[in-house]
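Thanks, everyone. Let's take a quick look at one model. Have the viewer open.

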Amino acid sequence: MKKVVFIILVVFTLGVKAQTPREIWFEANQAYQRSEYTYAIELFEQLQQMDIVAAELYYNLGNAYFRNNHLGKAILNYERALRRNPADDNIRHNLRIANNRTIDNVEQRAQLFYERWWRNTYMLQSVNGWAIWGIVALCLFLAITAIYLFSRTIGIKKTAFYFSLLLLTLTIFSLIFAQKQYNRLNNTSEAIIMSPRVTAKSSPSAQSPDLFLVHEGTKVFIRSSLGDWYEINLANGNVGWIKRETAEII
Amino acid sequence: MQKRLLILAFLMPMVMNLWAEDVSFTASAPTNVAVGERFRVAFQVNARPTHFNPPAFTGFRVLSGPNQSTSTSMQMINGRTTQSTTITYTYIVEAVSEGNYTIPAAQVTVDGNTFSSNPVTINVGGATTPPPGQTTPAPGTQQPQERASAQDLFIRATTSKTNPYQGEQVIITYNIYTRVSVQQYSTEKIPSYQGFWSENITASGQPQIRTELINGETYRVAEIRRVALFPQRSGELTIEPLEVDAVVNLPGQRRSRSLFDDFFGGSPFDTGRQVRQTIRSNSITMNVRPLPAQSRPAAFKGTVGSNFEVQATLNATEMNVNDAANLRITISGNGNMRMIDMPVINFPANLEVFDPNVSDNIRTSPSGISGSRSFEYIMIPRTAGEFIIPPFIFTYFDPSQQTYITRQTPEFIIQVTDEAGLAGEPSDMPNREDVRLLDTDIRFIKTSPISFVPAGQMFYKSTLFWLLIVMPILLFAFFLIYWRNQIRLRSNTQLMRTRKAEKLARKRLKLARKYLQSKSENEFYDEIFRALWGYLSDKLAIPVSILNKETVAGAFKAKKVPEELSQSFLNTLNDCEFARFAPGTKEDKMDEIYHKALNTIVTIEKDLKSKKDKI
């Protein structure tokens, strides 16, 4: 049976080669709806190989992996999707569901209320969203400033002054947030554990003592790397060394 | 079973606490005994003591004890369970001599409190009539002939080794040598084997009797006891003698002995006397050598013996998550199997391993103890993946080769698959209560067409982005500069004009005066008009094209020029117009108008100036 499926897949793959990205996308979504997740994954990954980057693509690929019980890959793709579209409710929801399926319940360091607000605010828009916000706010700010400068009526002048201040703040913050999202997008210090079980060692060698155990799907932060090893730390502060192939950078 | 006992043992002290208040501790013994009589002295306590301090038995010989016995009774009345435990320490003692003797109080410690028993007084009377056919010789009164001599009857303890290693198996054999007939014997006192771990390996059934020649005398020899000993510490260890109570058939004394009888050691028809006597073996001193410290492996746990083997079997190497695997480790060899500890194996995490089930198969033979001990582990993997069970390393010391020998089981690899996706569901998972109950499935994929932007293209920080940032700023700056210039330019000409308005008006009036003198009427009025309107236009910054009486009145109002002033200005204008087109004498009128215009301009100028100063 497995062999037959494999042959069919190969045939499909060959047939698909000539298609446009739009057709592959459609075909992949169809496959997902027919619960042919392995095939859908193959098609989505084919799109990725065509250098196509989109939050939706990562999201759908994550869904397909999730349905195929590949929790680590699912979380990795959800995280990648969320980086490109941080405000998307569906991505956030599915990531949360997938994270709840992981074995490790890493205690998150408690965030203070203003840290949370700050994060929630800049996660409202993607990098491009914030860039556009910044430009629009800048133009408005300049226009209102002009009104403030040339108006002779005191009432208009006052209102224009406050509006221009507000718009200036909005401009500055939009650009800060855009930079923040840009950094997040190009951040290579976060990784997802791919192996079902990884023992973190105290030093980059297989003989060194075991420190702790992490499981598939757990998000780790890479502090440094040495040869085949990553030095990771978890959200709760634990630090250890793991093999490079056991984790994948988001 | 063992577990249940253990639980019971843990529960016991708790239960005992309930009765801690009314601990009773009594000693009981017969009040009247005869010399040589054996009797029981019992100390009974209805709690579980932590310590028992026996009394001194002066005037008695302790044959055995203290022997501890426990009896537990449980009562269930109307569903309520009450439990009581009684512990009895029993001594078997023998009265040695006549007299009144008191056994002082014994002490027990229960929950930190010390309780004393009652002292017991025992009256030891004269020897009672021995049981038929038996004679108990009283000390001192015994006649030499009434006892078999040490040459006729003795016990010899022999040891297989005199300087064993610590933990090495040593066999002690007790043989009874006799030249007289021994009717029966019973072991009276077994040595405590202090410093040894001992196990009785006496062969069951009747002892074999053989003959042996010692110093030219023929003895019948029977092995009465064989013990395997394992010295637990190094140094000089002494084994106390074994005491045996034997009933010996002494040849009859009243009858003359015949040569025949002598030869056979007593004829079956000899009615001779039966004498009961205690014989002791020799004591043995051993010099126990410590195990060599050098080259001692880290895994060595103290096992000493020979021919040890370890064997491990795993029932499955491929399995599903949450299935159980069975690992059996068997250690076999010659040595103290009961002292073998549970193997120390570093099981991988996420493999739930239960405490092993220990089963022994121990054989005792005249050559010592051998056998095997098995540990059966049940392991349940909780996640998918590869689980490596490291080898179990067993090290023992072989005294015959005087080296440490290491045996090892193979490494096992269990491949665990998670086909059913159960990894997230085992019971030992941390509780994740933050999951909302209905929120347990992912949402559907996005099916709308997406923009197929090649990777690496981003609006932020692109040229367009920078352009859109820089352009409005530049535009704004240009606009600002331009506007500023315009304002400056405009404000400058206006200022000039305002400042020069009066001068210009006076100039025009001067010209008008000239025309007045030359009596050229039209030119005069033209000049007056020009002076008045021009002044207004310059002063009030109103273009000449939109200048009329209404705009002037409005402008005056805006400049807050008093009503009468603006009115007189307008009147002057009206008069001018009127005079110009009115017929009649003109010279007086012209002169009047000239003065009126001059006055109006001067007063307005004054008024505006005063206002400017005020501001």
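Start at Thr498(B). Which residues is Thr498(B) in contact with, leaving aside its neighbours within four places in sequence? They are Asp538(B) and Lys539(B), where contact means heavy atoms within 4.5 Å. The C-alpha atoms of Thr498(B) and Lys539(B) are separated by 4.5 Å, and the two residues are 41 apart along the chain. Thr498(B) sits in helix H3, residues 463-517 of chain B. Helices here are DSSP runs of H or I, at least four residues, and strands are runs of E, at least two, numbered from the N terminus. Thr498(B) counts as buried because its relative accessibility is 15%; the cut-off for buried is under 20%, with a 1.4 Å probe and protein chains only.

A word on ground rules. This is a predicted model: local features need pLDDT of at least 70, side-chain atom pairs count only at pLDDT 80 or more, and totals for chains, interfaces and linings use all residues. Residues are numbered from 1 along each chain as written, chains are lettered from A and ligands numbered from 1 in written order, and side-chain values use heavy atoms, without hydrogens or water.

Now a helix pair. H5(B), residues 549-558, packs against H6(B), residues 563-581, at about 160°, axes 10 Å apart. The axes are lines fitted to C-alpha atoms over the stretch in contact, with angles from 0 to 180 degrees between N-to-C directions. So H5(B) is roughly antiparallel to H6(B), a label for angles over 145 degrees. Lys549(B), Val552(B) and Phe556(B) in H5(B) meet residues of H6(B) including Phe569(B) and Leu570(B).

Finally, the whole chain. Chain B has seven helices and 30 strands. Of its 615 residues, 37% are buried.

Notes
Buried means under 20% relative accessible area, exposed over 50%, partly exposed in between (1.4 Å probe, protein chains only). Angles under 35 degrees count as roughly parallel, over 145 as roughly antiparallel, 65 to 115 as roughly perpendicular and the rest as oblique.
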